[in-house]
Amino acid sequence: MTAPKDETDPHYEQGAAEARSWFDRQLLLDSWDGRGLSPLNWVILVLIILSVVLFTVETMEGLSSNTAFLLDLANDAILLIFAIEFCLRLWCAGQTRGVTGLRNRAHYAGRFWLSVDFLAFGPELIVLVATGFMGADLAWLRAFRLARLFKLAKYFEPARVVIRVLRSTWRQLMVAAVIASLVIYSAAVIMYLFERDTMPEAFGSIPKAMWWSVVTLSTVGYGDVVPATLGGRLAAGLLILGAIGLVSLPSGIIAGAFQDELRQQRERERLEAEEEAGPKPGM
């Protein structure tokens, strides 16, 4: 009978380290030193696109039972592959990023992109395992498949630029969101005071008036609710003029952050080009 492999064996440790290093280069974008994506990341990218296509087809009416079964089987296989990929990322991080121990790995798994990776498979796979892959009602869980679109964005540099911009400006955007909420609520209160007696069906309460406030101040303007009194119309005109600045505030924040990001990117590219064109050591 063959004795179990000793994990303290130097050959085993060397093989495990080489495997971690290989998976690290294949799965982590910043570890791949070749051009474009690694072969394994190309496989993951194709599976993400395939999963989105399957999700779209699943919503079609008139599918036969065999087709529905094959779609479910393909989706289950993709879920398992995503789960294996996620575990491999955590496993190889201990070798290449010094992440050891359960607590440190859990903290590492909470990073933005790894959280997106988990949402792409985790909730749905957990329910499938809990129900034995049989008879599970996954209708409400399908919303988590939208995380696969964010997972897809990870493989494209323009999308990563957008994510970096949003992460760098979230505080300013939160301030803009608070200001917008205050203005929308204030507008609803004003219209309620002017129109509650004339149009009770639309402005009879502040929650009712908030529909008009949101639609109008967002400049969508469905026109399904229109103030009837002179004071209401004057107030609505002033609010609409103020909404122009309200809508442009987050746009200006994001545009400015994009300019800063692109300027920094051009500066990095210039420095890299100067380093490549500079004299080599020993010359």
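Let me begin with a definition: a residue is called buried under 20% relative accessible area, exposed over 50%, and partly exposed in between, with a 1.4 Å probe and protein chains only. By that definition, leucine 119 is partly exposed, because its relative accessible area is 36%.

Two remarks on the source of what follows. This is a predicted model, in which local features need pLDDT of at least 70 and side-chain atom pairs count only at pLDDT 80 or more, while totals for chains, interfaces and linings use all residues. Residues are numbered from 1 along each chain as its sequence is written, and side-chain values use heavy atoms, with hydrogens and water left out.

I turn to the surface. Leucine 119 is placed in helix 5, residues 112–119; helices here are DSSP runs of H or I with at least four residues, strands are runs of E with at least two, and both are numbered from the N terminus. Together with Phe118, Ile126, Trp140 and Phe144, Leu119 forms a nonpolar surface patch with about 490 Å² of accessible area in total. Accessible areas come from the Shrake-Rupley method with a 1.4 Å probe, and for residues only the protein chains shown count as cover. Patches are made of residues with over 30% relative accessible area and no salt bridge; like charges are joined within 9 Å, and nonpolar side chains (Val, Leu, Ile, Met, Phe, Trp, Tyr) within 5 Å.

The surface also carries a patch of negative charge, in which Glu269, Glu272, Glu275 and Glu276 gather. Glutamate 276 belongs to helix 12, residues 230–277, and is exposed, at 62% relative accessible area.

Next, the salt bridges. A salt bridge is a side-chain nitrogen of Lys or Arg within 4 Å of a carboxyl oxygen of Asp or Glu, and by this rule there are five. One of them joins arginine 89 to aspartate 117, with the closest N and O atoms 3.6 Å apart. Arginine 89 lies in helix 3 and aspartate 117 in helix 5, so this pair ties together parts that are 28 residues apart in sequence. Both partners are buried: arginine 89 at 7% relative accessible area and aspartate 117 at 2%.

Leaving aside residues up to four places away in sequence, glutamate 85 touches Leu27, Ile44, Lys151 and Tyr155, where contact means heavy atoms within 4.5 Å.

A further salt bridge joins glutamate 124 and arginine 148, at 3.7 Å from N to O. Glutamate 124 is in helix 6 (residues 122–130) and arginine 148 in helix 7 (residues 147–153), so the pair ties together parts 24 residues apart in sequence. Glutamate 124 is buried at 2%, as is arginine 148 at 1%.

Finally, aspartate 260 and arginine 263 meet in a salt bridge at 2.4 Å, N to O. Why are these two separated by about one helical turn? Because they are three residues apart in helix 12. Aspartate 260 is partly exposed at 35%, and arginine 263 is partly exposed at 46%.

Notes: Lys, Arg positive; Asp, Glu negative; His and termini not counted. Charge placed at Lys NZ, Arg CZ, Asp CG, Glu CD.
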